[in-house]
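Thanks for passing this one over. Here are my notes, point by point, with the model opened alongside.

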Amino acid sequence: MDITKLQRLVLDALEDVKAQDIKVFNTSHITSLFDRVIIASGTSNRQTRALASSVSDAARKHKIPIIAHEGEDTGEWVLIDLGDIVVHCMQPNIRQYYNLEEVWGDKPVRVKLLPQSTQPVIAETFDFDDEGD
């Protein structure tokens with residue numbers, strides 16, 4: 001399957017499960033291992049697992065080999081390696097901490113997405129106050 005069709009397959013699978021803040025990056029100039037990195041946010045462990053599962057199911061349906069599927073146990077960051085595309089399904093606080101956009105994001109790919117799929121998710125911050133105020 002060519003990269004554009006595979007990319008659309010992944011994006012549709014992510015949007016089917018209401019992924020948020022989807023970003024697609026061309027990485028062919030950085031590495032020969034894969035051509036695209038797709039990053040998407042889910043609001044809970046359950047949703048990130050569902051996002052990854054949707055991508056995996058779509059790949060299997062189209063007989064696309066899944067090279068790796070990691071992070072299912074915690075659901076904070078689930079990675080699916082489809083060879084030409086690596087998909088990162090992350091919770092917002094994990095995504096903000098690791099900031100993969102800085103590593104892979106110098107060549108964003110313009111894609112058509114549903115409006116809700118482009119909305120950024122705000123990572124929660126916690127203020128642990130020992131004083132009990």
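**Notes on the model**

1. Let me start with a salt bridge: Asp21 pairs with Arg95, and their closest N and O atoms are 3.7 Å apart. Asp21 sits in strand E1 (residues 20-26) and Arg95 in helix H3 (residues 92-98), so this pair ties together parts that are 74 residues apart in sequence. A salt bridge here is a side-chain nitrogen of Lys or Arg within 4 Å of a carboxyl oxygen of Asp or Glu. Helices (H or I, at least four residues) and strands (E, at least two) are DSSP runs, numbered from the N terminus.

2. Before going further, some ground rules. This is a predicted model, where local features need pLDDT of at least 70 and side-chain atom pairs count only at pLDDT 80 or more, while totals for chains, interfaces and linings use all residues. Residues are numbered from 1 along each chain as its sequence is written, and side-chain values use heavy atoms, leaving out hydrogens and water.

3. Are the two partners in point 1 buried or exposed? Asp21 counts as buried at 11% relative accessibility, and Arg95 is buried at 5%. Buried means under 20% relative accessible area, exposed over 50%, and partly exposed in between (1.4 Å probe, protein chains only). Asp21 and Arg95 also belong to a salt-bridge network with Lys23 and Glu101.

4. The salt bridge count comes to six. Among them is Arg8 with Glu15 (3.7 Å, N to O); Arg8 is partly exposed at 28%, whereas Glu15 is buried at 10%. Another joins Asp57 and Arg60 at 3.2 Å, N to O. Those two are three residues apart in helix H2 (residues 45-61), about one helical turn. Asp57 is partly exposed at 45% and Arg60 is exposed at 51%.

5. On to the strands, which pair if DSSP finds at least two bridges between them. E3 (residues 68-70) and E4 (residues 77-81) pair in the antiparallel sense over three bridges, with Glu70 opposite Leu79. Six residues separate them in a hairpin, and Gly71 in the turn has a positive phi of about 90 degrees.

6. E4 also pairs with E5 (residues 85-90), antiparallel over five bridges, and Trp77 stands opposite Met90. This hairpin has three residues between its strands, with Gly83 in the turn at a positive phi of about 85 degrees.

7. Finally, look at Val87 in E5, buried at 0% relative accessible area. Leaving aside residues up to four places away in sequence, Val87 touches Val10, Leu14, Ile38, Val55, Val78, Leu79 and Ile80 (contact means heavy atoms within 4.5 Å).
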